Each structure stands twice: as structure tokens, then as C-alpha cells.
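Try each task on the structure before reading its solution.

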Amino acid sequence: MTSKTITRRRFLQTSAAALGLAGLPLASAAEGAAPQAAAAGTFKIGGDLAVCRMGFGAMRITGPGIWGEPADPVEARKLLRRAVDLGVNLIDTADAYGPEVSERLIGEALYPYPKDLVIATKGGLTRPSRERWEHDGRPEHLRQACEASLRRLRLDRIDLYQLHAPDPKVPLADSIGELARLQREGKVRHVGVSNFSVDELKLARGIIEVVSVQNRYNVGDRRSEDVLRVCAADGLAFLPWAPLASPEREAGPSASIEALGQLAKRRGVSVIQAALAWLLARSPAILPIPGTSSVAHLEENVAAAALRFTPEELARVG
Ligand SMILES: NC(=O)c1ccc[n+]([C@@H]2O[C@H](COP(=O)([O-])OP(=O)(O)OC[C@H]3O[C@@H](n4cnc5c(N)ncnc54)[C@H](OP(=O)(O)O)[C@@H]3O)[C@@H](O)[C@H]2O)c1
């Protein structure tokens with residue numbers, strides 16, 4: 001099968017079914033215990049928020065198309081609690097997911113929050129309809145969005161508030177300046193950015209301390225390698241979105257995706273686990289936030305926190 005003929009779903013399922021934890025060098029799996037996110041090691045966001053390097057992306061807990069209520073809200077809340085049980089203490093969300101649904105479910109499922117839980121949310125995109133994601137980086141919108149997120153998440157202060165994307169119609173300095181004001185007012189602890197280039201990051205860092213970047217990045221799409229390098233050099237967290245590569249959507253060398261698939265097969269793990277382990281090995285600045293609507297997939301993904309590849313294996317993926 002060539003990479004071109006593999007659909008995203010087929011690719012995601014390759015070797016995932018039935019493998020579970022088989023082949024993982026997991027002490028906890030061997031003992032029959034639940035896999036723990038802590039096996040991925042920790043990262044201190046902003047120098048003071050220690051989180052496991054295996055997070056959870058809560059975009060998929062809404063209805064289809066990231067719109068409306070999930071088919072089974074009870075299951076969605078169960079999924080969030082299971083993530084915390086597995087040691088996940090970084091949950092990524094946004095006001096635009098649902099919209100509002102993802103944040104509200106997090107509040108319902110997890111409040112009062114465990115002390116070490118970091119909820120990272122975002123503002124700056126709106127959803128006029130299921131099909132549309134629109135920019136709104138105007139200061140007045142960001143203020144209103146942040147205050148609404150605080151209410152939905154039942155928080156006095158958001159640990160990590162990210163600008164979802166630069167708004168081409170609004171000077172970036174104006175958007176970032178408003179986040180700085182929200183931070184000074186105590187509504188936001190740390191500020192992160194998303195879908196930023198190196199130049200945009202530089203501009204933002206001239207105005208405020210930026211502690212994280214969330215960009216699309218995976219084994220098959222490394223267009224943000226330059227941004228990752230800046231993060232790694234300067235101690236910023238890099239949260240790769242779409243951490244699970246799919247051959248038909250990636251811009252990077254499909255040879256790497258093929259090699260990762262072969263590696264997964266040899267090690268008896270799922271391609272998704274291999275993709276996550278590759279990210280963890282790629283840079284200590286990387287904090288994957290794989291998203292899923294399924295408890296079984298969550299458990300599989302968190303188990304990858306303990307998966308280690310040898311330098312030779314990593315070299316083959318490139
Ligand atoms: N900043 C941004 O612009 C931006 C954009 C997109 C996403 N994000 C963030 O990044 C997070 C991750 O991104 P993402 O959700 O697009 O991509 P992803 O994590 O790469 O992929 C999610 C997809 O993979 C499937 N999946 C997950 N685990 C699986 C497993 N073990 N086996 C088989 N299929 C599996 C999910 O389906 P099932 O539900 O069936 O498991 C879902 O369709 C999001 O939750 C969100 O927090 C940010």
C-alpha cells in the first residue's frame with residue numbers, strides 16, 4: 001500500500017487495533033496498572049507550571065465538526081475525568097470549540113480542579129456557523145472572550161491563555177497588548193500564542209513574555225520547525241496540534257510517515273503511539289496534546305508517554 005492510497009482513518013487504525021500496550025516498555029503496563037502521563041517527563045510552562053509532557057486536546061469532545069453538544073455528554077465528561085486519572089495535567093481547549101461546549105464540559109467534569117491541573121484555553125477565533133472559523137483579534141473581543149472563558153471554566157485566573165491565531169485585519173501588537181492588560185489585571189497567568197510564524201512570535205515577545213506556541217506539527221508536517229527551534233532555545237513550550245500525522249494531509253516527506261509506520265509495526269505499537277513517541281523524542285520543548293473523543297483512544301495515546309525509541313530507530317524516521 002502506498003502512502004497515497006492510505007486514508008486518514010486507515011492510517012490512524014494501522015496496527016492500532018488489538019495491539020493496545022503490547023510491546024511497550026511500560027513498567028505500569030507490565031504490572032497491569034493504568035498507563036501514566038508522567039512517564040513522558042515534565043515541562044515547566046512559564047518556568048512555574050510543571051506539567052506532564054503528555055497532555056490532552058479537548059477539541060474533539062464536542063459535536064461533529066467541532067460544533068454543538070457531543071452525542072453523549074456523559075461519555076465526554078467521563079473521558080475528561082479518565083484523562084486526569086491517567087495523570088494528564090495539561091488540557092488544551094478554546095472558546096471556539098463547540099463553541100463554548102468544550103470549556104463548559106471541562107468545568108462540569110473536573111471542577112473543583114485538581115491543584116496541579118493546567119487548563120490552557122484560547123481566544124481570537126469565532127464560529128458564526130458549523131462551517132466557519134473566523135478571526136477576531138480586536139482587543140475588545142479578546143477581553144470579552146477571556147472573561148467568558150473564565151466564567152465557563154469557573155476560574156478566577158486562566159493559567160495559560162493563548163491567542164488562537166493572528167487576525168490579519170488587526171495589528172498583532174493590538175491583540176497582544178490586550179492580552180498583556182488581561183495579565184496585568186490578574187485574569188491570565190501566562191500568555192501563549194498559536195499559529196504564529198517566527199516573526200510574529202518575535203513581535204509578540206517584544207510586548208509580553210510569551211511562554212508557549214501552539215502550531216501544527218507532526219512527523220509529516222514540519223513547517224513549524226523554525227518556530228520549534230526558537231521555543232527549544234528559549235525555554236518556551238511547543239504544543240503541536242494535529243500531532244497524529246495523516247499521509248494525505250501532510251506537507252512533509254511521506255518517507256518519514258512510511259518509516260514511522262514500519263517502526264510501529266516492528267515494535268508492536270500503534271502508529272499513533274509511535275507518532276506521539278516521535279514527538280516526545282524530537283525535542284524536550286514539545287508537549288503533545290492528542291485529541292480524541294474515545295476513552296480507549298485516550299488510554300492508548302497516554303500509554304505512548306512511556307514509549308522510547310533508540311537513536312537508530314529515530315534516525316530511520318528522519
Ligand atoms: N491551535 C489550533 O489552531 C488548533 C487546531 C486544531 C487542534 N488544536 C488542538 O490540538 C489538539 C489535537 O489536534 P486534533 O484533535 O486536530 O488532532 P489529532 O490529535 O492529531 O487527531 C485527532 C483525530 O485522531 C483520532 N484519534 C485520536 N487518537 C486515536 C487513536 N488512538 N486511534 C485512532 N484514532 C485516534 C481522533 O478520532 P477519535 O475521536 O475517534 O479518537 C481524531 O479524529 C486538539 O484537541 C486541540 O486542542 C489546535
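**Exercise 1. Which residues of H10 and H11 meet, and how do the two helices cross?**

Solution. Ile 272, Gln 273 and Leu 276 in H10 meet Glu 300, Asn 301 and Ala 303 in H11. Contact here requires C-beta atoms, placed from the backbone, within 7 Å. Sorted by class, the residues of this contact are three nonpolar, two polar and one charged. The classes are: Ala, Val, Leu, Ile, Met, Phe, Trp, Tyr, Cys and Pro nonpolar; Asp, Glu, Lys and Arg charged; the others, Gly among them, polar.

The model is a predicted one: local features need pLDDT of at least 70, side-chain atom pairs count only at pLDDT 80 or more, and totals for chains, interfaces and linings use all residues. Residues are numbered from 1 along each chain as its sequence is written. Helices (H or I, at least four residues) and strands (E, at least two) are DSSP runs, numbered from the N terminus.

Next, the geometry. Two packed helices are described by the angle between their axes and the distance between the axes. The axes of H10 (residues 271–282) and H11 come within 8 Å and cross at roughly 40°. Axes are lines fitted to C-alpha atoms, for helices over the stretch in contact, and angles run from 0 to 180 degrees between N-to-C directions. H10 and H11 are therefore oblique to each other; angles under 35 degrees count as roughly parallel, over 145 as roughly antiparallel, 65 to 115 as roughly perpendicular and the rest as oblique. The crossing of H10 and H11 is right-handed, a crossing being left-handed if the near helix is turned anticlockwise from the far one by less than a right angle, and right-handed if clockwise.

**Exercise 2. At what angle do H9 and H10 pack, and how far apart are their axes?**

Solution. H9 covers residues 254–267, and its axis lies 9 Å from that of H10 at an angle of about 110°. That makes H9 roughly perpendicular to H10. This crossing is right-handed. On the H9 side the contact uses Leu 260, Gly 261, Leu 263 and Ala 264; on the H10 side, Val 271, Gln 273, Ala 274, Ala 275 and Trp 278. The contact of H9 with H10 has seven nonpolar, two polar and no charged residues.

**Exercise 3. Which residues of H6 and H7 make the contact?**

Solution. Start with the axes: H6 (residues 172–184) and H7 (residues 198–205) pack at about 50°, with axes 10 Å apart. H6 and H7 are therefore oblique to each other. H6 contributes Leu 172, Ala 173 and Ile 176, and H7 contributes Glu 200, Leu 203 and Ala 204. By class, five are nonpolar, none polar and one charged.

**Exercise 4. In what order do the seven strands of the open sheet lie?**

Solution. The order is S3-S4-S5-S8-S9-S10-S11, with parallel pairing. Strands S3 (56–57) and S11 (237–241) stand at the edges with a single partner strand each, so one side of each has no neighbour in the sheet. Two strands pair if DSSP finds at least two bridges between them. Ser 194 stands opposite Gln 214 in S10.

**Exercise 5. Where are Pro 99 and Pro 112 placed?**

Solution. Pro 99 lies in the loop between S4 (90–92) and H4 (101–110). Its peptide bond from Gly 98 is cis, with omega near -15°. Pro 112 lies in the loop between H4 and S5 (118–123). The bond joining Tyr 111 and Pro 112 is also cis, with omega about -5°.
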